[in-house]
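Here are some notes for a colleague who is opening this structure for the first time. They are arranged as numbered points, to be read with the coordinates at hand.

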Amino acid sequence: MKNWVSTSEKSSFLKWFLQQYQLKHKDARMLLEYIINNHHILENLSITETVPKNERTILISSMQSDKPGFVYYNQKRTTEDVSKALGDLMSNPSDKLNLKLHFYGKQSNHRYLQLVESDTNYFVRYKQFKEYEKETKLIIEKALVDQEINKVRQQIDEALDQNDKQLFNKLVERLQELKDLQ
């Protein structure tokens with residue numbers, strides 16, 4: 001399962017990327033610097049190897065890449081105008097954003113590979129979440145049963161103190177039912 005990536009890790013990598021590579025589209029540098037300096041955008045930024053359909057995605061390439069220098073996908077619209085992407089980021093800083101980078105050596109760059117989210121990751125995360133959800137429900141149910149058992153035991157003690165045989169028998173039956181749930 002893919003680990004959570006902090007905003008500082010994303011920021012650190014993007015700063016390193018800007019220091020190491022010259023970009024095909026000069027305004028793309030300004031856009032990446034804007035992203036680095038805006039925590040809300042970094043929080044919702046996913047570095048990806050695919051262009052998910054109907055999601056905001058920015059594609060940026062270094063000079064060594066044979067891919068386009070800059071492309072911005074926003075739902076069904078595509079543009080190579082950095083100012084439109086920047087305007088959209090300024091208007092919607094907390095919306096999900098994907099970033100796809102093309103640069104020489106990215107497949108062997110461990111810093112980059114740690115940040116990348118693949119399509120299979122979404123499925124793996126969902127599956128893992130469902131497993132955690134089941135485990136959490138079981139733990140909560142067990143805790144509630146244990147709490148109820150303790151409450152019934154206290155009531156049994158009180159019934160004994162009050163010499164209430166009928167209530168005592170009723171509470172003992174309830175205690176047995178709860179123990180069977182464990």
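1. Confidence. Within the chain, confidence is lowest in strand 6 (residues 116-117), where the mean is 76, and highest in strand 2, where the mean is 92. This is a predicted model, and over the chain the mean pLDDT is 86, with 93% of the residues reaching 70 or more.

2. The main core. The largest nonpolar core has 32 residues, and those with the most contacts inside it are Phe13, Leu14, Ile35 and Ile58. As general background, nonpolar side chains in soluble globular proteins tend to be buried together. To see how one of these residues is surrounded, a reader may select Ile58, which, leaving aside residues up to four places away in sequence, touches Leu31, Ile35, Phe70, Val71, Tyr72, Leu89, Leu97, Asn98, Leu99 and Lys100.

3. A second core. Besides the core that has 32 residues, there is a second, separate core of eight residues, which includes Val145, Val152, Ala159 and Leu178.

4. One face of helix 2. Which residues of helix 2 (residues 26-36) are buried? They are Ala28, Leu31, Leu32, Ile35 and Ile36. When the helix is seen down its axis, these buried residues fall within an arc of 140 degrees, so they line one face of helix 2. Two of the residues on this list, Leu31 and Ile35, are also among the residues that Ile58 touches.

5. Aromatic pairs. How many aromatic pairs does the structure hold? There are nine, and one of them joins Phe13 and Phe103, whose ring centres are 6.4 Å apart and whose planes stand at 45 degrees, so this pair is tilted. The pair links distant parts of the chain, since Phe13 belongs to helix 1 (residues 7-20) while Phe103 is in the loop between strand 5 (97-102) and helix 5 (110-115), 90 residues apart. Both Phe13 and Phe103 are buried. The rings of Trp16 and Tyr21, by contrast, have centres 6.0 Å apart and planes at 75 degrees, so that pair is edge-to-face; Tyr21 is buried, with a relative accessible area of 13%. Ring pairs join Phe13, Trp16, Phe17, Tyr21, Phe103 and Tyr112 into a cluster, and Phe13 in this cluster is also one of the residues with the most contacts inside the largest core.

6. A search of the whole structure finds five salt bridges. In one of them the side chains of Asp88 and Arg56 meet, with N to O at 3.1 Å. This pair, too, links distant parts of the chain, with Asp88 in helix 4 (residues 82-91) and Arg56 in the loop between strand 1 (45-48) and strand 2 (57-61), 32 residues apart. Are these two residues buried or exposed? Asp88 and Arg56 are both buried.

7. Salt bridges within helices. Lys142 forms a salt bridge with Asp146, and their closest N and O atoms are 2.9 Å apart. Both residues lie in helix 6 (residues 119-161), four residues apart, which is about one turn of the helix. Lys142 is partly exposed, with a relative accessible area of 48%, and Asp146 is also partly exposed, with a value of 24%. In helix 7 (residues 165-181), Glu177 and Arg174 are three residues apart and are therefore separated by about one helical turn; they form a salt bridge whose closest N and O atoms are 3.4 Å apart. Glu177 counts as partly exposed at 44% relative accessibility, as does Arg174 at 33%.

8. Positive phi angles. Gln75 has a positive phi of about 60 degrees although it is not a glycine, and its place is in the loop between strand 3 (70-74) and strand 4 (77-79). Gln75 is exposed, with a relative accessible area of 53%. Asn163, which is not a glycine either, also has a positive phi of about 60 degrees; Asn163 is found in the loop between helix 6 and helix 7 and counts as exposed at 71% relative accessibility.

Note on methods:
Residues are numbered from 1 along each chain as its sequence is written. This is a predicted model: local features need pLDDT of at least 70, side-chain atom pairs count only at pLDDT 80 or more; totals for chains, interfaces and linings use all residues. Side-chain values use heavy atoms; hydrogens and water are left out. A salt bridge is a side-chain nitrogen of Lys or Arg within 4 Å of a carboxyl oxygen of Asp or Glu. Buried means under 20% relative accessible area, exposed over 50%, partly exposed in between (1.4 Å probe, protein chains only). Rings of Phe, Tyr and Trp (its six-membered ring) pair if their centres lie within 6.5 Å; planes under 30 degrees apart count as stacked, over 60 as edge-to-face and the rest as tilted. pLDDT is the predictor's confidence in each residue, from 0 to 100. A nonpolar core is a set of buried Ala, Val, Leu, Ile, Met, Phe, Trp, Tyr and Cys residues joined through side-chain atoms within 4.5 Å. Contact means heavy atoms within 4.5 Å. The arc is that of the directions from the helix axis to the C-beta atoms.
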